[in-house]
Amino acid sequence: MKNAIIFATAALLAVCAFPASSASRDIYPDPSQAKADLAAALKTAAQTHKRVLIDFGGNWCGDCQVLDIYFHNPQNLPVLEANFVLVHINVGHMDINEDIAGRYQVPLDRGVPAVAVLSDTGKLLFSQRGGEFAPMRRMDPSAVTSFLVRWKPARAGCSAVMVNC
């Protein structure tokens, strides 16, 4: 319980550490860019043999802000950059780009942030159907690390538990 309180406090402080104007930093681009951004991510993934990590959310969402902070912390960023093409899909207030969320079996009514993982060929490998990352502010950054390690592509000579392989 004590650790949960510490992590929740750290996450809240991380969000609040940004200038007031970035309390809702622009992580998620204009919703009209979603299809083009996803197509570009799939093209890059095919060329680099990385997986596509789709992050559904909105700039208004505090838990989405925390997920982005956790994606880019020193422990997770190398795993993310080496193995994934990250694409942010702006879902407005759960009322925009619902077709994309539906295509990848992400029920927006379970909350955001929500993620889906695609292979380098665009095949759906995983979708968060239960809102697992929606309470991100109460989660430890290691939950993101575990997720990234679990879903990164297998490489010859690498163990599934190796973070920097």
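Predicted model: local features only at pLDDT ≥ 70, side-chain atom pairs only at ≥ 80, totals over all residues.

Modeller: Residues are numbered from 1 along each chain as its sequence is written, and side-chain values use heavy atoms, with hydrogens and water left out.

Colleague: Which residues have the most contacts inside the largest nonpolar core?

Modeller: A nonpolar core is a set of buried Ala, Val, Leu, Ile, Met, Phe, Trp, Tyr and Cys residues joined through side-chain atoms within 4.5 Å. Buried means under 20% relative accessible area, exposed over 50%, and partly exposed in between, with a 1.4 Å probe and protein chains only. The largest such core has 24 residues, and those with the most contacts inside it are Val52, Ile54 and Phe56.

Colleague: Which element gives the most to this core?

Modeller: Helices (H or I, at least four residues) and strands (E, at least two) are DSSP runs, numbered from the N terminus. At least two core residues come from each of helix H2 (34–48), strand E1 (51–57), strand E2 (84–90), helix H5 (98–103) and strand E3 (114–118). The element that gives the most, with four residues, is H2.

Colleague: With which residues is valine 52 in contact, leaving aside its neighbours within four places in sequence?

Modeller: Contact means heavy atoms within 4.5 Å. On that criterion, and with neighbours within four places in sequence left aside, the partners of valine 52 are Leu38, Ala41, Leu42, Ala45, Val85, Val87, Ala116, Val117 and Leu118.

Colleague: On E1, which residues are buried on one side and which on the other?

Modeller: Seven of the seven residues of E1 are buried, and the strand is mostly covered. Both faces are covered: one side carries Arg51, Leu53, Asp55 and Gly57, and the other carries Val52, Ile54 and Phe56.

Colleague: Do E1 and E3 pair in the parallel or the antiparallel sense, and over how many bridges?

Modeller: Two strands pair if DSSP finds at least two bridges between them. E1 and E2 pair in the parallel sense over seven bridges, with isoleucine 54 opposite valine 87 in E2. On E3, alanine 114 stands opposite phenylalanine 56. The pairing of E1 with E3 is antiparallel, over five bridges.

Colleague: Why is helix H3 largely enclosed by the rest of the structure?

Modeller: H3 spans residues 62–71, and its buried residues include Asp63, Gln65 and Asp68 as well as Val66, Leu67 and Ile69. The helix is largely enclosed because the number of its residues that are buried is 10 of the 10.

Colleague: Which residues do ring pairs link into a cluster?

Modeller: Rings of Phe, Tyr and Trp (its six-membered ring) pair if their centres lie within 6.5 Å; planes under 30 degrees apart count as stacked, over 60 as edge-to-face and the rest as tilted. The structure holds three aromatic pairs; in one of them, phenylalanine 126 and phenylalanine 147 are edge-to-face, at 5.4 Å centre to centre and 65° between the planes. Phenylalanine 133 and phenylalanine 147 have ring centres 5.4 Å apart and planes at 65°, so that pair is edge-to-face. The cluster linked by ring pairs consists of Phe126, Phe133, Phe147 and Trp151.

Colleague: How far from a polar atom of the side chain of asparagine 97 does the backbone oxygen of proline 31 lie?

Modeller: Asparagine 97 lies in the loop between E2 and H5 and is buried, with a relative accessible area of 10%. Its contacts beyond four places in sequence are Pro31, Ala34, Ile89 and Asn90. The backbone oxygen of proline 31 lies from that polar side-chain atom at 3.2 Å.

Colleague: With which side chain does the side chain of serine 127 make a polar contact?

Modeller: A polar contact is a pair of N or O atoms within 3.5 Å; within protein, one must be able to donate a hydrogen and the other to accept it, and residues adjacent in sequence count only if both atoms are side-chain atoms. Serine 127 is found in strand E4 and is buried, with a relative accessible area of 7%. A polar atom of its side chain lies 3.5 Å from the backbone oxygen of tyrosine 104. The side-chain partner, at 3.1 Å, is arginine 129.
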